[in-house]
Amino acid sequence: MRPMPPAPWRVTFVTSPDECNLRCPMCATHGRGASPARPPRRLPYALVERVVLEAGPGLREVVPSTRGEPLLWAGLPALAALCGRRGLRLNLTTNGTFPGRGAEGWAGLLCPVASDVKVSWNGASPGVDAEIMGGRPPAAAAASLAAFAAARDAIAARTGHRCGLSLQVTAQEANVAELAGIVRLAARAGVDRVKVNQLQVHHPSQAGGSLRASAGGARRWNEAVAACRAAAEEVPRRDGGRVSLQNLVEWPEDGSPPPAGDCPFAGREAWVEVDGRFLPCPAPAAREGRLGELGSAWATTLPEAWAGAAWRAVAAGWRGHPSCRDCPFRRPGGA
C-alpha cells in the first residue's frame with residue numbers, strides 16, 4: 001500500500017458540467033441519452049478560491065471542470081490569476097472552440113500559469129472529427145489549434161515557461177483507424193503529447209462503440225497502438241522532438257479483459273463536485289456515493305476531509321473495492 005501524502009497534489013473542481021457549446025455523442029452530460037440539468041449547475045468561484053487557499057503547501061496544481069467546457073465558466077480568469085499569485089499550475093481540457101476570447105486570447109490568459117492544456121481531438125479526417133466532436137467545424141478547429149500553439153511558443157520564448165499542449169482522444173470503434181493520423185497531426189501542429197482514453201459507456205446506445213466489447217476490438221486497438229508508435233517516430237515535431245504517447249498499451253486478444261493498472265487518483269488527488277461534495281476520483285462510483293461520503297466543501301475544509309477516516313479508507317482499500325476493479329481510469333501498466 002502506498003503512503004498517503006499530507007495533502008493532495010492536485011484538486012479538480014467540477015465548476016460547470018452543464019455548460020458546453022458542443023454535443024459530443026459520447027459525453028455523459030451532453031451525449032446520447034443524457035439529460036443536462038436546467039438551469040445549469042455552477043460551482044461558485046468564492047468556494048473554489050477558499051478551497052485553494054485552505055489546501056495547504058502540498059497543493060501544486062488546480063483543474064477546472066473536466067465535464068462541460070471550462071472556458072465557459074465565468075470564474076476561470078480569476079482562478080488563473082489566483083494560480084499565478086500562489087505559484088500553482090493550472091491544468092485544463094477544452095473542446096478546442098476557444099469561445100469568447102479566441103485561441104490567442106485564451107493562450108495569453110492560460111499559458112503563463114498552466115502546466116498543460118489538453119484539446120479534445122477525435123479524428124485525423126475532418127468528417128470523423130466533426131462527427132465525434134458534436135459538429136465542431138474542422139477547419140476552424142485546426143486553425144485555432146495552430147494559433148494556440150503559436151501563441152504558446154511566443155509566450156514561452158518571452159517568459160521562459162513553456163506550457164504543455166496535448167491532444168486528448170477518446171478511442172472508440174469510430175476512430176480507432178485514425179489514431180495514428182491524429183499523432184501525425186499533433187506532430188505537425190507542434191503538440192507535445194497525445195493522451196488516449198477509452199470510451200466510457202454512459203448509455204446503452206453507446207455500448208457498440210467500445211473497443212472493449214469484442215476480441216476484434218482488442219485486435220484493432222493493438223494495431224492502432226503499433227501504428228501510433230510508428231507515427232511518433234516517423235513524424236517529428238518542428239523542434240525535432242517526438243510526440244509523447246500516453247495510455248497506448250496493448251490488450252490481450254484472447255477475450256480476457258485489458259490489464260488494469262494503478263489508480264492515479266485515490267489518496268493522491270481530490271475532487272470537488274459541482275454541489276460541493278469532496279470526491280476521491282472522477283469515477284461515476286464516487287459521484288454516486290459508492291466509495292463513501294467524504295464531506296462537503298461547504299461545511300469542511302479540504303485538510304480536515306483529507307485527514308478523515310473515509311478518505312483514508314478509500315486510499316487504503318481501493319484495490320479491493322468492487323467499483324474499482326474494472327475502472328477505466330486505472331492506467332494500464334507501462335502507459
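Analyst: Strand β1 (residues 10-13) and strand β8 (residues 269-272) run parallel and share 4 bridges. Before we go on, this is a predicted model, where local features need pLDDT of at least 70, side-chain atom pairs count only at pLDDT 80 or more, and totals for chains, interfaces and linings use all residues. Numbering starts from 1 along each chain as its sequence is written, and side-chain values use heavy atoms, without hydrogens and water.

User: Why are β1 and β8 called a pair?

Analyst: Two strands pair if DSSP finds at least two bridges between them. β1 and β8 have 4 bridges, so they pass that test. The strands themselves are DSSP runs of E with at least two residues, while helices are runs of H or I with at least four, and both are numbered from the N terminus.

User: Which strands stand at the edges of the sheet, and why?

Analyst: The sheet is open and mixed, with 9 strands in the order β7-β6-β5-β4-β3-β2-β1-β8-β9. β7 (244-246) and β9 (278-279) each have a single partner strand, so one side of each has no neighbour in the sheet.

User: How do you know that β2 and β3 pair?

Analyst: They run parallel and are joined by 2 bridges, which meets the cut-off of at least two. Glu61 sits opposite Arg89 in β3. Further on, β3 pairs with strand β4 (residues 114-120) in the parallel sense over 5 bridges, and Leu90 has Ala114 in β4 as its bridge partner.

User: What makes the unit of β2, α2 and β3 right-handed?

Analyst: Point the strands away from you: a crossover is right-handed if the path from the first strand over the helix to the second runs clockwise. The β-α-β unit of β2, α2 and β3 is right-handed. The crossover from β3 through helix α3 (residues 102-110) to β4 is right-handed too, and β5, α6 and β6 also make a right-handed unit.

User: Why is β5 called largely enclosed?

Analyst: Buried means under 20% relative accessible area, exposed means over 50%, and partly exposed is in between (1.4 Å probe, protein chains only). In β5, 8 of the 8 residues are buried, so the strand is largely enclosed by the rest of the structure. Both faces are covered: Gly164, Ser166, Gln168 and Thr170 on one side, Leu165, Leu167, Val169 and Ala171 on the other. β5 pairs in the parallel sense with β6 over 6 bridges, and Ser166 stands opposite Arg193 in β6.

User: Is Gly217 buried or exposed?

Analyst: Gly217 belongs to helix α7 (residues 215-234). Its relative accessible area is 0%, and the cut-off is under 20%, so Gly217 counts as buried.

User: What is Gly217 in contact with, beyond its neighbours within four places in sequence?

Analyst: Glu173 and Leu211; contact means heavy atoms within 4.5 Å. Gly217 and Glu173 are 44 residues apart in sequence, with 7.4 Å from C-alpha to C-alpha.
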